[in-house]
Amino acid sequence: MLINRRKNSLLTKVNENTRAPISTSVSTLREKRSKSYLELVQKIDVGQGSLSKKELDQLIQDLKQQFPVMESLHLLEGIVAKCYLGDDFEVHTLDLKLDIMRHYKFHEILPHNLEKARTLAASPFYAYIEIYSNCLCAVHTDGSVSIIGSDS
Amino acid sequence: MSERVIKYADLSVIEKNLHNLNNSLDYVAGQVNTVEHQVSVTQNELDKLIQEFRQFVQRDLLEKNIQLSETRLVKIRQELDTEYGHYAETRRAVIGILQAVDKNIVKKETINNTSEEQMLLAPRYWLAPCLVALSAWVNDRKDLANRALSEALKRNEQKTTLFFALVSRRIGRYETSTEWLNRYLGLQNPYELERSIVILIDGFANGIFGSEARRKSGEAINEWVGELSSNPTFVGEQMEQWTIAIESKIPNSTYTEFPLLSQYSPHWPELQNSLQHTEVHDKMETLFKGILETPVMAEKTIAIAVDAILDRLVSEFDEEELPLRKKERMETLVLEYDGDRHYAERMFENEKTLEERVSFTQLLTNFVMHPDISKSSIATQKLGLALSKQWIIDAHNDFTTKYRSKKLSNIDIQIDDWQGNTRDGSNEEELAKALQSHLLNKQENDIEIVKKGFNKIALGAGMAAGLVLAIIFSTPFWLLMTAVFGYLFYSKKKKLATQIQNIIAHYEQLFNQHKDILRGTLAEYVEWEASFQRETEKAGKIEDILKPVTVEQYSFSSYDSTRSIIAR
């Protein structure tokens, strides 16, 4: 084919360590997140203060079960969102590898790949950020999704 | 005896000489300071000169590039004229014959002779046998028409087919036009389309084809978009094409409203880059509004409309000319980017507007982003925008998210050798304290150094005095020395106090200056943050503009009332 195909394109790049090529999942990852799912994610914010351990575990279970892009769930490392607990807090995270939820202050560093999503999550433009092994999905408040490669 | 010697000794000369020596030492120290200052000034001036020289070399290079491109453009255009200029006559003859037949004012023999002459003058050119076929058809010479047609198809099947689809439409032969169009569409591969496909899209978007032909074209466009959209790799490429197109709109702006921030924050390049990215939203809005709000002016008659489109088919898409057209475009870009050949080359590579074969989706991008080079009419640009809108929205949102993710959450401020950090510019008091503490430390250090110098002298004087006490009664010489060292000690101590006062005054002044700089830099950072937020919020406007756009809006016929069938 004579079409100009860019080698190593962001969307066709296959990451090492058994990562799936983004191109195969990009169209599904871009699927609009439902209103009910966005509401579920919002519940994390009250998590540390008012939810019991049992309730929190249930919330994490619900989030996993209702995840809109099931085929990519195994690539999802966590969720980062803006935190409204108080002036000192900036973001909270849900580490889906470890099933841990935590609120972070401005000076605290987020673990693993989650730090990459911090600036976006703290901005007022997105409901929350999904972190995959090879990309970030910034979910807008209307549920639409923007995708950037993790190396961008 | 010793008392007597001391009594009569004249110490004034020695005292005077020591005073002179002291003055000389001060003078030398002053001179050394002056030289040091001059070296520093010279170094600064040299750095400035080097910078100016580099700027001069760069400017000179850009100017030379501009001159070179201007010269090359003249040469390329001359070459185009020499090599392909004679085709112009054949091109004019085509429209001439069609219009002459309309009015019935030229003898058939003249038409015949002109066509045959063109056949001899333009060997290899696909349009020459088309002209012969056209005149044979006017003269009712079926056999000659068929033979000429066969030759034309051999020379360039796609263009000949499209040419006769349009000519048949012009004279109202709808069925024949549809047959030609079917044949043309059958030759197309959405992954590898010729640039001249824009003529078909233009014909479709401007409502030139008859209802059946328009239905067929609409189906084909639907099919191409459908086929390409269902291919994830291709969608990825399409998104990337749009990303490149959007990124090409990032301006190289400088922001003079932030003089302190640009000078005192080592993060200024990143801050500047972020603001440059936000400017893209306004640029895209202007571009899209320009396309959507410009009215499509329909020609008075279908004949005029087809003639205009035929004229473009025969004059703007000849592959033979493509190598020279590419060179022409390259040099034009160098001029457009003020002689920056490197940047122009990158843009040329990204444009892909003059590739022989491109995908349908790349064509749609070119219609919108480079209408002048892809030769798309305003109707086609609107259609391209409608067909590509979701890709554009997604690529634009990704672009916005990407630059927002790179926005710094805090910045460093560096004033001389002091460095501080701020998240939102609100920690002025804390930073001012840190700055003061830093300067106080430096002040203490400087005082310490001066004191150390004095201490050595004091120690020396003390030791000498001790010795003198030990042997004071033995020789008058030591008595003399006591006086000398006593004087030296007193003089240096007095000077030390002045030096310390000067150091304190210097650092007080420095702190006031630096505090003003710090306050100004923080204020500018707050303004920068507000400016960034204000501009990046404009990203939402692009979706607002594009979302309501539908393909149906831009595929009505101007010449009949049938609606197009394509929809996305």
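Trainee: Is B:E331 buried or exposed?
Mentor: Buried means under 20% relative accessible area, exposed over 50%, partly exposed in between (1.4 Å probe, protein chains only). B:E331 is at 6%, so it counts as buried. This is a predicted model: local features need pLDDT of at least 70, side-chain atom pairs 80 or more, while totals for chains, interfaces and linings use all residues. Numbering starts from 1 in each chain, chains are lettered from A and ligands numbered from 1 as written, and side-chain values use heavy atoms, without hydrogens or water.

Trainee: Which side chain meets B:E331 in a salt bridge?
Mentor: A salt bridge puts a Lys or Arg side-chain nitrogen within 4 Å of an Asp or Glu carboxyl oxygen. Here the partner is B:R341, at 2.8 Å, N to O. B:R341 sits in helix α16 (341-351) and B:E331 in helix α15, ten residues apart. Helices are DSSP runs (H or I, at least four residues), numbered from the N terminus. B:R341 is buried because its relative accessible area is 17%.

Trainee: Which residues does a salt-bridge network join?
Mentor: Shared partners link B:D282, B:E285, B:K289, B:E535, B:K538 and B:K541. One of its pairs is B:D282 with B:K538, at 3.1 Å. They lie 256 residues apart, B:D282 in helix α13 and B:K538 in the loop between α21 and α22. B:D282, at 27%, is partly exposed. B:K538, at 21%, is partly exposed too.

Trainee: How many salt bridges are there over all chains?
Mentor: The search finds 30.

Trainee: Where is α15's own pair, B:R325 and B:E328?
Mentor: They lie three residues apart, about one turn of the helix. Their closest N and O atoms are 3.2 Å apart. B:R325 is partly exposed at 29%, whereas B:E328 is buried at 14%.

Notes
Helices (H or I, at least four residues) and strands (E, at least two) are DSSP runs, numbered from the N terminus.
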